[in-house]
Amino acid sequence: MAQSLATPVAPSLSLISSGLSPFKSTSNSVSFSTFSSPKVGGLNIRCARVGGVEIPNNKRVQYSLQYIHGIGRTRALEILNDLKMENKITKDLTEDELIVLRDEVSKYMIEGDLRRFNALAIRRLKEIQCYRGIRHIQGLPCRGQRTKNNCRTLKGKKVAIAGKKKAPR
């Protein structure tokens, strides 16, 4: 009865020791095996990387593209229509289709560039001290919402004021 004891050393390395029992080893050989992609149930797992983001394999392309910051429902459909690509599951895409998809997605402002652009726009508003910039500085909503009762996301958690009494009913 030959058993093997496997201890993961690193994500791509496994230390394998063979012997009759897990505690006593007749062979003192140690080997390192490397593999490119992990296997689960005999299937290779490979993530499609588009726009610097690993998009999920088990979803359709339209929904997988929405994992990229800057691509929503409308833009994902627009990309698929421009490429005349059918909306199939991401893992079924060929390498050529992935390359064409990456080229099309790279035409848009996404991820880091978009985040940087938005941060610079907000910083500019703060520097010129306009109404919206002041609201950003104060951490309050700047699109006209009421602040008496709501906007807890921006204002933060409620703080109790000492000595303030509630009105009797």
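The following legends describe close-up views of a predicted model.

**Figure 1. Overall fold of the predicted protein.** The secondary structure consists of seven strands and six helices. Along the sequence the order is β-β-β-β-β-β-β-α-α-α-α-α-α. Of the 169 residues in the protein, 21% are buried. The protein exposes about 13500 Å², of which carbon and sulfur atoms supply 54%. Among contacts between residues at least 6 apart in sequence, 35% join residues at least 24 apart.

**Figure 2. Confidence along the chain.** The protein has a mean pLDDT of 78, and 73% of its residues reach 70 or more. Confidence is highest in helix H4 (residues 111-127), with a mean of 95, and lowest in strand S2 (residues 13-19), with a mean of 42. The pLDDT is below 50 over residues 1-5, a stretch that has 15 contacts in the model beyond near neighbours in sequence. Residues 29-36 also have a pLDDT below 50, and this stretch has 17 contacts beyond near neighbours in sequence. Where pLDDT is low, the predicted coordinates should not be read in detail.

**Figure 3. Packing of helix H4 against helix H5.** Two packed helices are described by the angle between their axes and the distance between the axes. The axes of H4 and H5 (residues 131-138) come within 7 Å and cross at roughly 105 degrees. The two helices are therefore roughly perpendicular to each other. On the H4 side, the contact involves Ile122, Leu125 and Lys126, which meet Arg132, Gly133, His136 and Ile137 of H5. By class, this contact has three nonpolar, two polar and two charged residues.

**Figure 4. Isoleucine 55 in strand S7.** Isoleucine 55 belongs to strand S7 (residues 53-55). With a relative accessible area of 1%, isoleucine 55 is buried. Beyond its neighbours within four places in sequence, isoleucine 55 is in contact with Ala48, Val50, Ser64, Ile68 and Thr90. Lysine 91 is 36 residues from isoleucine 55 in sequence, and the C-alpha atoms of the two residues are 10.0 Å apart.

**Figure 5. Glutamine 62 in helix H1.** Glutamine 62 is located in helix H1 (residues 61-64). The relative accessible area of glutamine 62 is 10%, so this residue is buried. Its contacts, leaving aside neighbours within four places in sequence, are with Arg73, Ala76, Leu77, Leu80 and Asn87.

**Figure 6. Methionine 109 and leucine 114.** Methionine 109 lies in the loop between helix H3 (95-105) and H4, whereas leucine 114 is in helix H4. Methionine 109 counts as partly exposed because its relative accessibility is 41%. Leucine 114, at 18% relative accessibility, counts as buried. Not counting residues up to four places away in sequence, methionine 109 touches Leu114 and Phe117. Leucine 114 and histidine 69 are 45 residues apart in sequence, with a C-alpha to C-alpha separation of 8.0 Å.

Figure 7. Most residues other than glycine have a negative phi. Lysine 84 has a positive phi near 55 degrees and is not a glycine. Lysine 84 is placed in the loop between helix H2 (73-83) and H3. Its relative accessibility is 75%, so lysine 84 counts as exposed. Glutamate 111, likewise not a glycine, has a positive phi of about 50 degrees. Glutamate 111 is part of helix H4. With 19% relative accessibility, glutamate 111 counts as buried, since the cut-off for that class is under 20%.

Notes
Residues numbered from 1 in each chain as written. Predicted model: local features only at pLDDT ≥ 70, side-chain atom pairs only at ≥ 80, totals over all residues. Heavy atoms only, no water. Helix = DSSP H or I, 4+ residues; strand = E, 2+ residues; numbered from the N terminus. Buried < 20%, exposed > 50% of the residue type's maximum accessible area, 1.4 Å probe, protein only. Contact = heavy atoms within 4.5 Å. Areas by Shrake-Rupley, 256 points an atom, 1.4 Å probe, with all protein chains shown as cover. pLDDT = per-residue confidence, 0-100. Axes fitted to C-alpha atoms, helices over the stretch in contact; angles between N-to-C directions. Parallel < 35°, antiparallel > 145°, perpendicular 65-115°, else oblique. Nonpolar A, V, L, I, M, F, W, Y, C, P; charged D, E, K, R; others polar.
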